[in-house]
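Work through the following exercises with the sequence and the model at hand. Each task is followed by its solution.

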Amino acid sequence: MLGLSPDEVGILALSLRVALVSVIVSLPLAILVAYGLARFSFPGKTLVDAIVHLPLVLPPVVVGFALLVLFGKRGPIGSALDEWFGIVFAFRWTGAALASSIMGFPLMVRAIRLSLEAIDQRLEVAARTLGGSRSWVFASVTLPLALPGIVTGTLLSFARGLGEFGATITFVSNIPGETQTLPLAIYTFTQAPGGDAQALRLSVIAVVLSVVALAVSEWLTRRTARIQGDDRR
Amino acid sequence: MIDVDIEQQLGAFHLTARFAADAPIVGLFGRSGAGKTSVINAIAGIAKPLRGHIRINDVFLFDAARSIDLPPEQRRVGYVFQDALLFPHMDVESNLLYGQRLREPEDRVIDEARVIELLGLKPLLQRRPRTLSGGEKQRVAIGRALLAQPRILLMDEPLAALDIPRKSEILDYIERLRDELGIPIVYVSHSVAEISRLADIVVVLSDGKALAVGEVDEIMGRLDLRPATGRYEAGSLLETRVAAHDIADQLTRLSFEGGELVVPHLNAAIGERVRARIRARDVSLATERPTGISILNVLPGRVTAIDTATGPIVDVQLAIGSTPLGARITRRSLQQLGVHVGQDVYALVKAVSFDRRSVGYA
C-alpha cells in the first residue's frame, strides 16, 4: 500500500488506532472537566486545575512511571480493573492509548474551557426562558457554541497522541505489533545498526501524517466557523 | 392579571416591589439602576427573591410561603432582551422555532405563520443573526419569545439599542401584537415617551421600590413623581380620537374632552383612538387669546395648580375642559402675567412638537 511494507502499514495503523481511541475516550471527560472549571467554583478547584495540567509540565517518563505503578498488573487500579472488568492496560495497546489520553488531556481541557468561557451565558438564560431544560440548553446552545474549542482540543490531543513517546515506552514498553507506535519504531531503528534508512522512511511518514492532520484541522475549523454563524452570507 | 410582591437582595441593593395590574401593557418605569430589570428577572425565574410571590392570572410562578419556585423553562414567560440575544449558530427560522418545538402541540396557540406575518419576518427566515440589523434582530427576538407560547411577554428596554426610525418601527409592531394577539406585556423602559405611548398601567420604580402604580395619564401628570419620572420629559397624555384629516396641509385634527389638537398627518382612520403626549416644556401660556402667531393649538383652559418648588422654572397644571394639561414656564413669566389658581388662560402648543413617538394608537 502506497509503497509501504506490511510492517510499516502495521505501525501506522497501530499509531492511528492508539491516538484515535485516546481522543474518543477522553473527549466526554474533558468536556465535563472543562465545563466544571469554566462555570462553577467549588472547594479544591485550584487542585483539580493543577492535576489536570500536571502532564503538561511533568517529564513524560514520570507520568509513564506513575501509570505503571497505578495501572500495572499489580497496581491498585490495574488489578481491580482486571479482576472486575477484565480490562488490562499493562503492555497492551490500550495502555498506549491511556498514556496518550493523559498526556493530551490538558491540551483538550484548556481549549474547550477557553471556548466555554467565551460564550455569552445570557444566551443560555434566553434558551431557558424559551422552555429549554438545563441539559437541553447544554446540548443545543452550549455545546454547539463551544465547538471551535472542542475541535481544536481534539486535534491537539490527537496530534499529541501520535507523537507520544516517553510515557508510552515507560508504561507499556516497546512491543512490536502491540505497543510499538510510530515514534517508538523510529527510536528502535535509530538504535539498531543500519536502521537509519528505515528510520528515515518512518520519519517521512510522520511528516506526511502531520501535514494531513493540519489540513484536516484547517478544514474543520472553517466548517465549524460556518456552523457558528461566523460566515458573512 | 399580574401580581408581584417580592423582596430581593442583590449585593448592597435592596428591592421591594409590590404591584398588581391587569392591563394589555403594563409599563415598568424608572431611571437606570431603579430595579426594573431585577423585577422582570424575578418574574422570568432568572433571579430568586427572598420572599413574596409572583402570580400571573391564577398561576403562581413563585411563592416563598409555599416553596413554589418554577424553573424558567416551566414559567412560560416570554423574555425579550435589550440586545435580542439570538442564537448565533442558528438561522432566523431555527431561532424562531427554538421555543415552539419545546412546547406540547396542544399548547401551541400562537401560530407560526401568524407571527411571521405580523412581524414581517418572511424575508429574513434563512438569514443568520449576525447579518441582521438591530431592528430586524429585535423583531426576530420578539417572534421567538411569542412562539414559545408565553402567558406573558416581558420586554426589557427593547428599543435601547436602536436608532430613532427603528424605534418607531418596533413600537408599531408592539402595538400590532397587543391588538391582535392579546398577550399581556410588561414593558420596561426609562423613556417617558415609550411608556406614555404604550402602557396602560404604569409602575414607577425608584431606588428599588415601587413608588406608584396607576393609569398612565394620571401617573405621568403627577407633580410629586417628577423626581422619578424626570423633569425634562414631564408632560401630559391626552386620549383623543381622530376628528378629521386636512389633506392639503397634511395635518390631522384630534378631538378630546375640552377641545381639539392639530398635529402633523397621522396614518389613522377617522374615529380611531389616538394617544397624544404633550411635554410640559412645549406648552406656553397666554392670558388673552393671542393673534398673529404661528402656533396652531390655542386651547382655552383654567389654572388648577401651581408647583410650589423654588427655582427659575415653574410647573403649572391646567384643565382644558376636563382634561389635565401641564405647562412649564419661567418664574418671571408667572409673575409678569400674574398667573394664579382659578384663572382662565390659553395654552399654546406648537403642532410641530408632536413627533411619531409622542402620538400613537391607543
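**Exercise 1.** State which elements the buried residues of H3(B) pack against.

Solution. The buried residues of H3(B) pack against helix H6 (121-129) of chain A, and also against helix H4 (112-118) and helix H5 (134-147) of chain B. Contact requires C-beta atoms, placed from the backbone, within 7 Å. Helices here are DSSP runs (H or I, at least four residues), numbered from the N terminus. H3 itself covers residues 92-100 of chain B, and its buried residues are B:Val92, B:Asn95, B:Leu96, B:Tyr98, B:Gly99 and B:Gln100. A residue is buried if 20 or more other C-beta atoms lie within 10 Å of its own.

This is a predicted model, where local features need pLDDT of at least 70, side-chain atom pairs count only at pLDDT 80 or more, and totals for chains, interfaces and linings use all residues. Residues are numbered from 1 along each chain as its sequence is written, while chains are lettered from A in the order in which they are written.

**Exercise 2.** Describe the side of chain A that touches chain B.

Solution. Start with the counts: 18 residues of chain A are in contact with 21 residues of chain B. Next, H6 and helix H7 (134-145) of chain A each give two or more residues to this side. The largest share, seven residues, comes from H6(A).

**Exercise 3.** Find how chain B is divided into domains.

Solution. Domain 1 takes residues 2-230, and domain 2 takes 236-285 + 292-361; the bounds come from an automatic or database domain assignment. Over C-alpha atoms, the centres of these two domains of chain B are 31 Å apart.

Note on methods: Buried ≥ 20, exposed ≤ 12 C-beta atoms within 10 Å, placed from the backbone. Contact = placed C-beta atoms within 7 Å.
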